[in-house]
Amino acid sequence: MHSEYHAKTYTIILSGGIGSRLKGINIPKQYHKICGRTILSYCLERMEHADCIDGYLITAAAQWQEFILQEMEQLAMSGISDGLSMSKFLGFALPGANRQMSILHGLQKLKTVANDNDIVLIQDAVRPLTSEALIINCIQAAKSADGAMPTLPMTDTVYYSKDGKKIDALLERDKIIAGQAPEAFAYGAYLRANEALSESEMLAVRGSTEPAIKAGMQIALLDGDERNFKITTAKDLKQFEKLMEENMK
């Protein structure tokens, strides 16, 4: 008699960006240090501490991989964080020409460990404050559908402009939502959805869920978290720095 297979959950952490939109920072922002640690390390710690995550891999440019490993080891040894023991670390995948190509590389790397019915989370390295509760909710929502995405309501009035110079339409704000990461998907279906796209289609993808929707996968929506912000601007960076400094007091 075969025992029932218990689906596992793996995370692809996207850390492949090599540019920075932050003034005064000449390295990718995920490697910028706040309170003596890289922004990426806070994201990794969240995955290490989340009991619902079985393993994670990192998409990172080759020139940064040794740097990442060294910091993980230093933090584990220093006692600053007992969360970077690398116990769940599955290795690196190389980034692609855009975010979605990086995801595809990560999905293909997971072929050695993941089964079709496992769940894969897509997470940004520059979302250092994702709560375990949100991760759990994403996984549970994905298990009852083909995938799941946390969302936030739009608080501003939203307009549509074809040319960016004049307003063509006023959109219904209550029907417009902003997506967050991590997004969760059934591994096998999501892998096939991405592999079915041509290179030009992959390069045109704007969000992680787009290939899933094109493939007819059912994506559940769940409440996002305002605290789970993505560090994109100098203002975001300052906000995160302030939060971390307050935590150290």
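Tyr31, Thr38, Leu40, Ser41, Leu44, Phe67, Ile68, Glu71 and Met72 line the largest cavity of this predicted model. The cavity holds about 40 Å³ of space. A search of the whole structure for cavities of 30 Å³ or more returns one. Two helices, α1 (39-49) and α2 (62-78), each give at least two residues to the lining. The largest share belongs to α2, with four residues. By class, the lining of the largest cavity has six nonpolar residues, two polar residues and one charged residue.

Two or more lining residues come from each of β7, β10 (177-179) and α8 (234-248). Helix α8 makes the largest contribution, three residues. The lining of this pocket divides into seven charged, five polar and five nonpolar residues.

Charge pairing was considered next. Side chains of opposite charge can pair when their charged atoms come close. The model contains eight salt bridges. One of these salt bridges joins the side chains of Glu45 and Arg37, with an N to O distance of 2.8 Å. Glu45 and Arg37 are both buried.

A second salt bridge links Asp124 to Arg99, at 2.7 Å from N to O. Asp124 belongs to strand β6 (residues 119-124) and Arg99 to helix α3 (residues 99-109), so this pair ties together parts that lie 25 residues apart in sequence. The relative accessibility of Asp124 is 5%, below the 20% cut-off, so Asp124 counts as buried. Arg99 has a relative accessible area of 31%, and is therefore partly exposed. Asp124 also forms a salt bridge with Arg127. The closest N and O atoms of Asp124 and Arg127 are 3.0 Å apart. Like Asp124, Arg127 is buried. Through shared partners, salt bridges join Arg99, Asp124 and Arg127 into one network.

The surface was also searched for patches. Tyr159, Ile167 and Leu170 make a nonpolar surface patch of about 350 Å². Ile167 sits in the loop between β8 (159-160) and β9 (169-170). Its relative accessibility is 55%, over the 50% cut-off, so Ile167 counts as exposed.

Another loop residue is Thr157, found between β7 (147-153) and β8. Thr157 has a relative accessible area of 46%. This value lies between the cut-offs of 20% and 50%, so Thr157 is partly exposed. In sequence, Thr157 and Glu172 are 15 residues apart. In space, their C-alpha atoms are 8.4 Å apart.

Conventions
Residues numbered from 1 in each chain as written. Predicted model: local features only at pLDDT ≥ 70, side-chain atom pairs only at ≥ 80, totals over all residues. Heavy atoms only, no water. 1 Å grid on protein atoms, 1.4 Å probe; cavity = no way out; pocket = protein on both sides within 12 Å on 5 of 7 lines; lining within 4 Å. Points joined across faces, edges and corners; volume = space filled by probe spheres on them. Nonpolar A, V, L, I, M, F, W, Y, C, P; charged D, E, K, R; others polar. Patch = residues over 30% accessible without salt bridge, like charges linked within 9 Å, V, L, I, M, F, W, Y side chains within 5 Å. Areas by Shrake-Rupley, 256 points an atom, 1.4 Å probe, with all protein chains shown as cover. Salt bridge = Lys/Arg side-chain N within 4 Å of Asp/Glu carboxyl O. Buried < 20%, exposed > 50% of the residue type's maximum accessible area, 1.4 Å probe, protein only.
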